[in-house]
Amino acid sequence: MVLDGKRFSYGFGHSTTKTISNIVNEHNQRSSNTVFIPEKEVLSICSIIRKSREQDSVFGFDDTYLDLVRAISLPVQRENASYSYFVLKKAYLLAQKNDMSIPVLSLEGDEGIRYGDLWEELPENAIVQESIRLYEEEVNEVL
């Protein structure tokens, strides 16, 4: 992968079990943490991921998913296809409350990759914008 003219790559040997080989990293070390937010289908099975590892001791899910489930620990709304807004909003509120940087990147169709930081703002996308519009409409109706 090349980003900003700097390369990053790694590889695995044929019988690799614990060692990553052929590491090339021309990027500077980051001073902040990154939060990986998987697709909503994975988030919708948070309780299964947690139970499989913590109660059943079955190791079918990568630690990345278990760490994420533990970090967000919020109810998943299976019926609401736009709940990714609520996950983003929760992470945004955590960034504000703890005065910490939470970098995010969004794939914007033909526009490519967009970088942001939840400490500064929620990223703009159709789901976030529609959620905000509906909230404002509701407030206007009530008032």
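Partly exposed residues are those between buried (under 20% relative accessible area) and exposed (over 50%), with a 1.4 Å probe and protein chains only. By that definition Arg7, at 43% relative accessibility, is partly exposed. The model is predicted: local features need pLDDT of at least 70, side-chain atom pairs count only at pLDDT 80 or more, and totals for chains, interfaces and linings use all residues. Residues are numbered from 1 along each chain as its sequence is written, and side-chain values use heavy atoms, with hydrogens and water left out.

**Salt bridges**

- Side chains of opposite charge can pair when their charged atoms come close.
- Five salt bridges turn up in a search of the whole structure, a salt bridge being a side-chain nitrogen of Lys or Arg within 4 Å of a carboxyl oxygen of Asp or Glu.
- One of them links Arg7 and Glu26, whose closest N and O atoms are 3.2 Å apart.
- Arg7 belongs to strand 2 (residues 6-11) and Glu26 to the loop between strand 3 (21-25) and helix 1 (40-43), so this pair ties together parts that are 19 residues apart in sequence. Helices (H or I, at least four residues) and strands (E, at least two) are DSSP runs, numbered from the N terminus.
- Glu26 has a relative accessible area of 37% and is partly exposed.
- Another salt bridge joins Lys51 to Asp56, at 2.9 Å from N to O.
- Lys51 is partly exposed at 40% relative accessibility, and Asp56 is partly exposed at 40%.

**Helix 5**

- Arg133 and Glu137 form a salt bridge in which the closest N and O atoms lie 2.8 Å apart.
- Both residues sit in helix 5 (residues 126-142), four residues apart, which means that about one helical turn separates them.
- Arg133 is partly exposed at 37% relative accessibility, and Glu137 is partly exposed at 40%.
- Glu130 joins Arg133 and Glu137 in one network, through salt bridges that share partners.

**Strand pairing**

- Strand 1 (residues 2-3) pairs with strand 2 in the antiparallel sense over two bridges; two strands pair if DSSP finds at least two bridges between them.
- Leu3 stands opposite Lys6 of strand 2.
- The hairpin of strand 1 and strand 2 has two residues between the strands, and Asp4 takes a positive phi near 55 degrees there.
- Strand 2 also runs antiparallel to strand 3, and three bridges join the two.
- Phe8 has Asn25 in strand 3 as its bridge partner.
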